[in-house]
Amino acid sequence: MNPETHQSSRGPQDQFKSGHEVPVQQQKKPGLQSEIEDPKPVSTKIPSEDQGYQSYKAAGKLTGKKAIITGGDSGIGRAVAILYALEGASSLIVYLPEEEEDAQETKKRVEEAGQKCFLFATDLRSKENCKKVVETALEKLGGIDILVNNAGTQTMIEDIKDLDEEQWESTFDTNIHPVYYLSKYTLPHLKSGSTIINCASVNPYIGRPDLLDYTSTKGAIVAFTRGLSNQQCSKGIRVNAVCPGPIWTPLIPATMTTKAIEQFSGVPMGRPGQPSEVATCFVFLASQDSSYISGQSLHPNGGVVLNG
């Protein structure tokens, strides 16, 4: 059964009535969507005008496209894979071996939407593994039209004096280096009309202090997006970023403190966003609807006003 079905009569405001009603759940890294208690992250339903949910309405925007999606097992990555499938795209999703259960569910959901979904469990901190991702996508999908760099991690540390060098290096190895490797290895196989979409964050725009290393890597992703776009625009290849605010994914219970989870809805809309509300941005940026947009960042962040 679709794990979202039971939520259809409960809108986002019912699920998250205030910041202090976000359920305090904690997991070990990397976190599993299957283990999140009610409310479950929503992958395909979109908030409706009456404060409930409505099914995503596809329009064939990505018919025949082939995508690599890192972190595609759960959260935002899962929602992107399913919405891409609804729009007509097949995918190779990349994830950690310990996320196999979630990855199998994503594969099932993509196939239910009528598209192919191939699984590749690996650690993207290795550039050799990144090469294997691209090689596998070419073998299984027969080509690549879309690269979604979504995988990432975070660890909350209040002060730089407590942020050790090993964590700093590991966060960069996980969050930004694979974005470079995968983009470099994928680009020779892209053509005019292809897209690269990187998942950044609201955090570099607001300077979140308790996620210094994570915030720094996400700022680097924004800069990388802008620079690579300026390189590739003349070839017809567009490069953009999505900068989510607080989104209800397995990363939250797996990485945030109880206090941070309790305050997780501190945005003007008064609630966390759902993965589906971010995935629509990835659909837009992958489709020809965004044909005149490159080097830009979209900000599904619950109403936080940003400059930059």
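Modeller: Helices are DSSP runs of H or I with at least four residues, strands are runs of E with at least two, and both are numbered from the N terminus; on that basis the protein has 11 helices and 9 strands. It's a predicted model, where local features need pLDDT of at least 70, side-chain atom pairs count only at pLDDT 80 or more, and totals for chains, interfaces and linings use all residues. Numbering runs from 1 along each chain as its sequence is written, and side-chain values use heavy atoms, without hydrogens or water.

Colleague: Where does Leu212 sit, and why is Leu212 called partly exposed?

Modeller: Leu212 belongs to helix H8, residues 212-232. Buried is under 20% relative accessible area, exposed is over 50%, and partly exposed is in between (1.4 Å probe, protein chains only).

Colleague: What share of the 308 residues counts as buried?

Modeller: That's 55% of them.

Colleague: What makes E3 and E6 a pair?

Modeller: Pairing takes at least two DSSP bridges between two strands. Strand E3 (residues 66-70) and strand E6 (residues 146-149) have 3, so they pair, running parallel. Ala67 stands opposite Ile146 in E6.

Colleague: How do you know which strands stand at the edges of the sheet?

Modeller: The open sheet has 7 strands with parallel pairing, in the order E5-E4-E3-E6-E7-E8-E9. E5 (117-121) and E9 (297-298) each have a single partner strand, so one side of each lacks a neighbour in the sheet. Helix H3 (residues 100-112) packs on the sheet, touching E4 and E5.

How values were computed. Contact = heavy atoms within 4.5 Å. Axes fitted to C-alpha atoms, helices over the stretch in contact; angles between N-to-C directions.
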